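Dear colleague,

I am passing on the structure we spoke about, with the sequence alongside. Please open both before reading my notes, which follow below.

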Amino acid sequence: MAATLFLGQVLKGRRGLYTVTNRLQDCVWLARNENQEKVVAKSVTHFRSQNERDILFRFQNRTPCIRPLIDELEDSTIPPTLILRYLDDDALRASNQQRLTRPEVKYVAKKVLEGLSVLHEEGFVHTDIKPSNVLVNYDHSDIRFADVQLADFGSTVHMDSLHAQRGDSIGTPIFRSPEAHLQMQWGPATDIWSFGAMAS
């Protein structure tokens with residue numbers, strides 16, 4: 001997929017300006033706001049961008065365990081771009097650098113389940129629970145993490161959606177539930193399976 005943004009580009013949001021400083025992934029960029037604070041610019045030409053925006057607007061104020069949407073771009077000449085909170089790392093890289101202790105696993109697990117409970121209460125399914133979608137900020141206490149937040153809500157749908165009813169393919173194979181592998185109808189329980197696979 002071709003890059004949608006470029007280094008040094010100034011993005012005009014509804015609430016401020018953001019300068020692109022680094023490319024993190026295909027459509028994910030590091031940027032700085034006017035106060036030189038880091039943010040993430042996610043620019044995707046896809047229904048997933050609008051879907052993630054809608055999910056975040058609906059749920060982000062209900063729990064601190066969901067990475068919030070900070071701003072949106074007003075520029076119609078570039079693909080839809082979300083400005084999201086920046087966190088230091090994800091659980092996959094953090095655990096690869098240093099194995100998580102038992103208290104750290106419990107802390108991360110509790111925060112992930114808190115985020116999922118908010119979605120599941122209304123019948124929504126994240127569909128892609130995995131360590132790289134669990135973001136963390138580091139702390140210098142006994143538990144390495146100050147914040148833990150779920151990310152990547154582009155494919156989050158309601159359990160009554162056609163995607164769930166038809167058993168559309170979702171998630172990452174190693175963390176995918178049996179019903180999702182078999183392309184059977186799935187719901188919130190598929191997230192719990194993925195959570196268990198991630199935590200084990």
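In this predicted model, V134 touches D89, D90, A91, V108, V112, V148, Q149, L150 and M198, leaving aside residues up to four places away in sequence. V134 also belongs, together with V112, to the residues with the most contacts inside the largest nonpolar core, which has 29 residues. At least two residues of this core come from each of helix 1, strand 6 (81-85), helix 2 (91-97), helix 3 (102-121), strand 9 (134-138), strand 10 (145-150) and helix 6 (188-199), and helix 3 gives the most, with six residues. Apart from this core lies another, of 11 residues, among them Y18, V20, V39 and A41. As general background, nonpolar side chains tend to be buried together in soluble globular proteins.

The next thing to look at is an open sheet of six strands, whose order is 1-2-3-4-6-5 and whose pairing is antiparallel. Strand 1 (10-12) and strand 5 (69-72) stand at its edges, and because each has a single partner strand, one side of each is left without a neighbour in the sheet. From one strand to the next, the twist averages 40 degrees.

Within that sheet, strand 2 (residues 17-25) and strand 3 (residues 28-33) run antiparallel and are joined by six bridges, forming a hairpin with two residues between them. If you follow this pair, you will find Y18 opposite N33 in strand 3, while R23 stands opposite W29 in strand 3. Strand 3 itself is mostly covered, as five of its six residues are buried.

On to strand 4 (residues 38-43), which pairs with strand 3 in the antiparallel sense over five bridges; here V28 stands opposite K42 in strand 4. The hairpin of strand 3 and strand 4 has four residues between the strands, and in it Q36 takes a positive phi near 65 degrees.

E52 is found in helix 1 (residues 47-59). Is E52 buried or exposed? With a relative accessible area of 2%, E52 falls under the 20% limit and therefore counts as buried.

With best wishes

Terms used. Residues numbered from 1 in each chain as written. Predicted model: local features only at pLDDT ≥ 70, side-chain atom pairs only at ≥ 80, totals over all residues. Heavy atoms only, no water. Pairing = 2+ DSSP bridges. Axes fitted to C-alpha atoms, helices over the stretch in contact; angles between N-to-C directions. Buried < 20%, exposed > 50% of the residue type's maximum accessible area, 1.4 Å probe, protein only. Core = buried A, V, L, I, M, F, W, Y, C linked by side-chain atoms within 4.5 Å. Contact = heavy atoms within 4.5 Å.
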